Amino acid sequence: MASTALPPTSLNPYQQTHEEKEQQYPVHYRGVKDLVDNGSRTLPQIYVKPPDERLVINSDQQQIPLIDLSELEGAGRSAKVEAIGRACRDWGFFLVKNHGVSESTMENEMRVGREFFHLPTEEKMRYFSTDHKSRMRYATSFNVKEDKTLNWRDFLRYSCKPLEEMVPLWPDKPTDFRKENSEYIRKIGDLASILLSAISESLGLPSEYINEVYGDYSQYMAYNFYPACPNPEQTLGLPGHSDPGGLTLLMQDDVGGLQVLHEDHWVVVRPVPNTLVINLGDQLQILSNDIYKSVEHRAVVNSNRERISVATAYGPSMSTLIAPAPQLVNSSSPAVYKGCVYGDFLDSLESGSLHKKSVLDCLKLDMS
């Protein structure tokens, strides 16, 4: 069957030569890896965060919950669902092990991403775009055109659906990038659906409620690359933010740098081999009628080692209206939010900065 043509905003990787991009964009658009490769030994002023946004070291030694999924589909399901619900309610974050994604699949996914960021800048700039609606783009910071101070982060973000249309738009270097990503995307998508079923049950909803609401779900991948930073105490990889989607599944390397805001303290999410970090997004906060929260988190950087992570954003289709589940709304627990189409939510977010809570606040109903 013939595939549907992609919209013009999705065709960005091959519409401009590298020379054309060089003429159009300032040098800092080339990314922080390019700065490091060209010998930068001090942090450029454009990356220096205001004092109230800089890194504050907390001594909190807590760790987010770790849940073994090996019995989720067996006799221990009820206990695992309860554990997932408790983690969603208390933290909004948890680790999972025995999740069904093989160690080799995870290692290969991480490897091809790291190899991509070590390509020459000219090769990576083939995919550069500042268009947040582009379905395949390489960029730096968060919104490099709008950020008042930049973040010490380069990223590659791309849609996974429909897979047969998207694969040809992905990088062709390293040579096995497309193959390894196709394998990982299928596995991580299956896991996301399984977790959403458990989260539905933990809310007292039918098992497939969230998956059915999401409909023709959206799935995006993002590699985040944080080179070693000359002055890490003056900047951040990503400032505190919540995720706008439904569920984020994150694979991080052994360097560490993810922190979660818990009870007004930044808690370090220490890397645990062969686990994935799961966190709830804004759409689940809305759907759960504020029973579960999408929690702020951030990425810090260091001066010794580069860090890479791979995030999968799994959420509703762009045309889906997300509202509190009717089963969770009653006279004693009225609806907290009005409904919002997911695509409109993202447009409102992307027109501003990384701080999303203002979008959620705009959706809150008057409870007085």
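# Notebook: a walk through a predicted model

I opened at S141, which is buried, with a relative accessible area of 0%. By "buried" I mean under 20% relative accessible area, by "exposed" over 50%, and by "partly exposed" anything in between, with a 1.4 Å probe and protein chains only. S141 also has a phi near 60°, a positive value in a residue other than glycine. I found S141 in the loop between β3 (136–140) and β4. My helices (H or I, at least four residues) and strands (E, at least two) are DSSP runs, numbered from the N terminus.

**Ground rules.** This is a predicted model, so I kept local features to pLDDT of at least 70 and side-chain atom pairs to pLDDT 80 or more, while totals for chains, interfaces and linings use all residues. Residues are numbered from 1 along each chain as its sequence is written, and side-chain values use heavy atoms, with hydrogens and water left out.

**Confidence.** I checked pLDDT, the predictor's confidence in each residue, from 0 to 100. The mean for the protein is 90, and 89% of its residues reach 70 or more. Over residues 1–15 pLDDT stays under 50, and the model has 33 contacts beyond four places in sequence for that stretch. A contact here means heavy atoms within 4.5 Å.

**The whole protein.** I counted eleven helices and 14 strands. Of the 368 residues, 55% are buried. Among contacts between residues at least 6 apart in sequence, 78% join residues at least 24 apart. The protein exposes about 15,900 Å², with carbon and sulfur atoms supplying 51% of it; these areas come from the Shrake-Rupley method with a 1.4 Å probe, and for residues only the protein chains shown count as cover.

D264 is not a glycine either, yet has a positive phi of about 70°. Its loop runs between β8 (258–262) and β9 (265–268). Is D264 buried or exposed? D264 is exposed, with a relative accessible area of 73%.

**Cores.** I then looked for nonpolar cores, meaning sets of buried Ala, Val, Leu, Ile, Met, Phe, Trp, Tyr and Cys residues joined through side-chain atoms within 4.5 Å. In soluble globular proteins, nonpolar side chains tend to be buried together. The largest core here has 87 residues, and I84, I199 and L276 touch the most other members. Helix α7 (residues 177–202) gives the largest share of this core, ten residues. Another core, of twelve residues, lies apart from it, with I64, L95, V295 and A311 among them.

**Helix α7.** The expected span is 1.5 Å times one less than the number of residues. Just after α7, G204 takes a positive phi of about 80°.

**Helix α3.** The end C-alpha atoms of α3 (residues 77–90) are 20 Å apart, which agrees with the 20 Å its 14 residues should span. I listed its buried residues as R77, K80, V81, A83, I84, G85, A87 and C88. They pack against β1 (66–68), β2 (93–97), α7 and β10 (276–280). G92 follows α3, with a positive phi near 75°.

**Cis prolines.** I noted a cis peptide bond from K161 to P162, omega near -15°. P162 sits in the loop between β4 (154–159) and α6 (163–166). The bond from K173 to P174 is also cis, omega near -5°, and P174 is in the loop between α6 and α7.

**Q219.** Which residues does Q219 touch, not counting those up to four places away in sequence? I found S159, C160, K161, I185, I188, G189, T312, A313 and Y314. Q219 belongs to strand β5 (residues 218–226) and counts as buried because its relative accessibility is 3%. A polar atom of its side chain lies 3.3 Å from the backbone oxygen of I185.

**C340.** My last stop was C340, in strand β14 (residues 340–341). C340 counts as buried at 14% relative accessibility. Its C-alpha is 5.5 Å from that of I322, 18 residues apart along the chain. Beyond four places in sequence, C340 is in contact with T320, L321, I322, F345 and L363.

Notes
Polar contact = N/O pair within 3.5 Å; in protein donor to acceptor, adjacent residues only side chain to side chain.
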